[in-house]
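This briefing sets out selected features of one structure, grouped by topic.

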Amino acid sequence: MGLQNTLLYLFLFLFLVLLLSPSPLLGASPLAAQKSALLQWKSTLQNPEGVLSSWNPSVLPCNWSGVVCNLRHGAIKRIDLNEKGVIGTLDTLNFSSLTSLRHLDLSFNQLSGAIPHSIGSLSSLIFLALAAILLVRFGDMHIPLVQTSEDWDALGNMSMLTVLHLQINHLSGSIPSELGNLKTLNSLALYENNFNGYLPSTIANLTNLTLLSLYTNNMSGAILQGISPLINLETLVISDNHFSGIIPPSIANMTKLKFLYLLSNQFSGIIPAELGNIINLERVFLSMNQFTGSIPPSLGNMTKLTYLFLDTNHFSQSLPSEMSSITNLVYLDLSANGFNGSLPAEICRGGALQHLSVVDNQFSGMIPKSLRNCSSLRRFRLSGNQFKDDISQAFGVYPNLDFMDLSRNNLYGELSDNWKSCDNLTSFLISGNQISGRIPPDFGKMYKLERLDLSANKLEGEIPREFGQLSLLLNLSLSNNMLSGRIPDEIGSLTKLLYLDLSANSFAGSIPAGMGNLEGLLSVNLGKNNFNGTIPVQIGKLTSLQTVLDLSQNSLSGEIPTQLEGLDKFERLNLSHNKFTGTIPSSLGKMGSLQFIDFSYNNIEGAVPDFRGTISVLFTNNKNLCGHIHGLHPCNSSSQGHGARRRSHKVTFIVIFSTVGAFMVLILCTIASVSICHWRKGRPLEQENIVVMNRNAFSVWNFDGKTVYEDIIQRTENFDEKYCIGKGASGSMYKVLMPASEVVAVKRIHPTETENPLHEKQFRSEIQVLTETRHRNVVKLLGYCSSPQCKFLVYEYIEGGSLANFLKSEEGGNWIG
């Protein structure tokens, strides 16, 4: 027995040696030709000894990396080089030697050039994957994979092909009808290419298809009617195209369908009730189309459904209560539609719901109780609706919650300490509600919080010092509340903060110097508060600022710190309506990123810097500014550090104020000889005094004449056409809303008329007549301005149009003039 066993083992050994060794007998087998073809291809690659180092002439191909042989037939049956980093071309690979190949996967390599027409000789091939093989090493170039129709003909010869994956190759043109000849196909992936046109009707021949993926192309047409015969289809992904038409009732024939992705197309019409008959559906994506109507109750039959995305369409009406039967639902997105009514009471009946978004609809009523106990929730978005409920009672504890957005609703009540138990919460957004009370100090224990937006509510009290523990916070918005007190020094601990908005509250005290520690800030808005003191020089450390620094409408004083020059990236600076003094640092003019700057309503004097680029600068109502900006007089040499001197030309502004009594009494106020000296021919002129008569007359605008002049120029944007309400022979009429909400009519004399000496006499005569005339049908003259730059008259504004229009109306009668 021992000898027999030995002989048997020896025979088997010799058989294997004969079978596997490169003998003259095997040298004539297909394996030798295939080995030669693959080695020839390897020699043309850019990195042959890298990933294909095992492809050695002295080693049998069956032992090469990525190669599998059929020993019985002595031939290669499988080549799988998926994601092997192969770099080179395919045009040197002789597919004619690989006729026994059944599986070829070259996906996700860097192979360029067209596929050789010899690929059509792979008649035994059942799996062909050439996905994303044409990515070049530099740039974003792609070389077309299929260049001629002959290449498609070659694919048509593969009558046994079951898998064809050509995705991510920037293929272009239309899909040819010859593809319908591959009747054995069960998986066709052509996504992320540049295919256009209609899907050929021959696709209906591929009745064995279980997967059809065409997403991210430029295809169009009413595709769903044409593919209804594909009754074995399990996955249909045609998103991101231009497909149109309706969902036909015949879609119910696809009873095996599990995944339906139609998002981002131009589908329209209603959702047919027949869709609910496909009870195997697990994921339905209909987002970003033009669907209308209501949701059919039959969708409640799809009890296996886990993903339902209907967002960004034109759906309306209320949701059917049958949706509560979809107990396996994990993702539900109904955002950006016209849904109304209340949410289904048992929307979280199955306890599987993780993502719920109903943003920007018209839902109302109370928050369903099932959501209070829906501990599975991870992302919860109800913003932009009309929900009305007590926020302290409507929500529970969500240990898995990551994102909560309840903004723009009618929620009321006070914030609960329970939110601190949402250990994974990173975003808590509840702006635009009616929430009152104080901010709970325990909010400082929401250690993973990155975004906190409590703006536009009725919150009061101080910012809790515990906020300093929110070390991951990126965005803090508490604006438009009734918060007060000082900003806690602990705010300086939020070193990762990018956006800070505390505007429109009643915060007081000084701006903490610790804010300079927040060096990552991109935007700061502290406007419309009661801050006082100076701007801390540490603000100059906020070198990352990119959008806005707004300190307006406070009681800040002192000089503008020169350290602001280090903030050379941000676009908007608003320091208006404060009590700043001194001059504007000239270094601010070097900040090329600035697009808007507002110094208005302060006590700043001196030269306004010459700002770089195109920038809007507001500077009205300051002490005495000069510069090259339109609306300012030029500076003389002594004005740079001590404030600008006044102009040499005279600006006269008369304000006429009437009081109510038994008679209408006209009080004429004249600001005479508002003069500013400048240097002329090397000799300074004498500065003339400002004469103000009957100062009480200015109570009509609460400013002096120079201020009124500047207000009119600013409010009309230097007499822009959009404020003009009429034109005449000598001038144009403008409607002007003054700072204290008074509305006046301003008649600006045409510039050509102001240069005419005769017109000056007429101008003065008109003023005299109007100041001496009083009648209920004659509009009151409130003042005038006469300067070399412009002349205008300021009248009481009367609604009802011009006198000419009045005379033509029925009320005006038959006046003849």
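Is Cys348 buried or exposed? The model is a predicted one, and in it Cys348 has a relative accessible area of 8%, so this residue counts as buried. The cut-off for that class is under 20% relative accessible area. Cys348 is bonded to Cys374, and this pair is one of three disulfides in the count.

**Disulfide Cys348–Cys374**

- The sulfur atoms of Cys348 and Cys374 lie 2.0 Å apart.

**Disulfide Cys62–Cys69**

- Cys62 is joined to Cys69 with an S to S distance of 2.1 Å.
- The torsion about this S-S bond, between Cys62 and Cys69, is about -100°, which means that the disulfide is left-handed.
- Both Cys62 and Cys69 are buried.

**Disulfide Cys626–Cys635**

- Cys626 and Cys635 are linked by a disulfide, S to S 1.9 Å.
- With a torsion of about 105° about the S-S bond, the disulfide of Cys626 and Cys635 is right-handed.
- Cys626 is buried, at a relative accessible area of 0%, whereas Cys635 is partly exposed, at 23% relative accessibility.

- When the bonded cysteines are counted along the chain, the disulfides follow the pattern 1-2, 3-4, 5-6.
- Cys422 is buried as well, with a relative accessible area of 2%.

- An open sheet is formed by ten strands with parallel pairing, in the order 8-10-12-14-16-18-20-22-24-26.
- Strand 8 (172-173) and strand 26 (386-387) stand at its edges; each has a single partner strand, so one side of each has no neighbour in the sheet.
- Strand 26 runs parallel to strand 24 (residues 362-365), and two bridges join them.
- Ser364 has Gln386 of strand 26 as its bridge partner.

**Strand 30 and its partners**

- Strand 28 (residues 412-414) pairs with strand 30 in the parallel sense over three bridges.
- Within this pairing, Gly413 has Ile435 of strand 30 as its bridge partner.
- Strand 30 also pairs with strand 32 (residues 458-461), in the parallel sense and over two bridges.
- In strand 32, Leu459 stands opposite Gly437.
- Which residues of strand 30 (residues 434-437) form the covered face, and which the uncovered one? Ile435 and Gly437 make up the covered face, while Gln434 and Ser436 make up the uncovered face.
- Side chains in a regular strand alternate between the two faces of the sheet.
- Ile435, on the covered face of strand 30, is the bridge partner of Gly413, and Gly437, on that covered face too, stands opposite Leu459.

Definitions and conventions: Residues are numbered from 1 along each chain as its sequence is written. This is a predicted model: local features need pLDDT of at least 70, side-chain atom pairs count only at pLDDT 80 or more; totals for chains, interfaces and linings use all residues. Side-chain values use heavy atoms; hydrogens and water are left out. Two strands pair if DSSP finds at least two bridges between them. Helices (H or I, at least four residues) and strands (E, at least two) are DSSP runs, numbered from the N terminus. A disulfide is a pair of cysteine sulfur atoms within 2.5 Å. Buried means under 20% relative accessible area, exposed over 50%, partly exposed in between (1.4 Å probe, protein chains only).
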